Amino acid sequence: MTAKRRGAQLVMLAFAVAIVMVAYANVGLGEGGKVPAGMLGYGLGLGGLMLAAYFVLAKFAPWADPLILPLVTLVNGLGLVMIYRLELATKLASANTQLFWTALGVVMFSATLIVLRDHRALQRMTYTAGFVGLGLLILPMTPFLGKQINGARIWVQVGGFSIQPGEFAKLALVVFFAGYLVAKRDVLALAGRRLLFIDLPRARDLGPVLITWVVSVGVLVLEKDLGTSLLLFGAFIAMLYVATQRTSWVLIGVLLFAGGAFVAGQLFSHVGDRFQVWLNPGDPELFNRVGGSEQLMQGLFGMGSGGILGTGLGQGHPYLIPLSFSDFIFAATGEELGLTGLMALLMVYALIVERGLRTSIAARDPFSKLLAGGLSFILAWQVFIIVGGVTNLIPLTGLVTPFMSQGGSALLANWILIALLVRMSDAARRPPPQAIQDEGLTQVFQR
């Protein structure tokens, strides 16, 4: 990266931190009529962390896309602002804790860039990554380790410390998907019988899709985690389509997941309840039921009261929305920033995904293309799933808003995801080495 581009990246990073600090001041002014006393500490803390990340990036990935880090800083910083706002309103959130997890996320980001000098080494760990990913998915089902919270068994607790292994499993499984599809894409691209205008795959090639489908349905049924199930299966189908360019795989995937979810909804009450809440959120019986539609409806009421421009930071009623600091932080943000603020936030997410997809297009080898595309897709897919659930476009899934919701597991995993994208971006944008020619030999050959 040229010195000029580095300077532009540093300016964008400073601008992102400045936006966060202005929002932080607005929370204090809206809540208590004065600038928060800890504003300088938060500003220096966030700015220092991102400056450290900038120096690591400049040293170990100098040709990386200059926009990714400032964009992620902006989203992560706005998440800190909203958690501080919710801490004042509900006393359930903790901005200090989230700042600690952000610092740890930056450490993981930096460590990934320092240790992983060539991301193509991950291709040699394809099946190891697959076993690790499956192991992490199964871990919450382990006796004495797994813990059920809010109806979902997706946590592992050791002493007073708990994590969500599924957040890290998605990274390992995307690495596995990329390596596997690079090796098998020619076979999976072969066409079988033609039905109407679609070339169906051969029956013998359905094995990988069926195995992934069984795993995703197992996560849905056993761990009561619709979000991770939908995320992983959707990522595999998307990467399979990118690798083979076969639309039939997408149709088969949609039919399999829809059919599996429908059957699970008929056989298992916890799955059926999610669909009942989605179809009839205004039903008084569902509204008053434990785990019913109250949080969904309160979130919709909050976004509705925010209108186009919002009530203003610090002037809404986020304490009325259950889980406003985690699953429903998007709804709490919509109340105070309005539709305009939510659209701007979604645009920032879209830019992060666009830079990841640009990296995928620019990559020089098939594994890098699939891995960058898969990581970009799961980030976009996760945003769609959580926003769709909060707005009642799709059933609620229990996923959190990337970089914004309180919690450590998702934040750490997403910072590692960004580090992988930055590493691949550096490799894709780095100019090829120029051959050093001997002038005398050149003249001899010219003669």
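Arg355 and Glu354 bring their side chains together in a salt bridge, at 3.5 Å from N to O. This is a predicted model, so take that distance as computed from it. How exposed or buried are the two partners? Arg355 is buried, with a relative accessible area of 13%, while Glu354 is partly exposed at 30%. Arg355 falls on the buried side because its value is under 20%.

Now for another pair, Asp426 and Arg430. Their closest N and O atoms sit 2.7 Å apart, and the two form a salt bridge.

Which residues end up in one network? Salt bridges with shared partners join Asp65, Glu354, Arg355, Arg358 and Arg429. So the Arg355 and Glu354 we started with both belong to that network.

Then there's Arg120, which forms a salt bridge with Asp118. The closest N and O atoms of that pair are 3.0 Å apart. Arg120 is partly exposed, at 45% relative accessible area, and Asp118 is partly exposed too, at 33%.

| Salt bridge | N to O distance |
|---|---|
| Arg120 and Asp118 | 3.0 Å |
| Arg355 and Glu354 | 3.5 Å |
| Asp426 and Arg430 | 2.7 Å |

And how many salt bridges does the structure hold? The count is 12, and the pairs in the table are among them.

Terms used
Residues are numbered from 1 along each chain as its sequence is written. This is a predicted model: local features need pLDDT of at least 70, side-chain atom pairs count only at pLDDT 80 or more; totals for chains, interfaces and linings use all residues. Side-chain values use heavy atoms; hydrogens and water are left out. A salt bridge is a side-chain nitrogen of Lys or Arg within 4 Å of a carboxyl oxygen of Asp or Glu. Buried means under 20% relative accessible area, exposed over 50%, partly exposed in between (1.4 Å probe, protein chains only).
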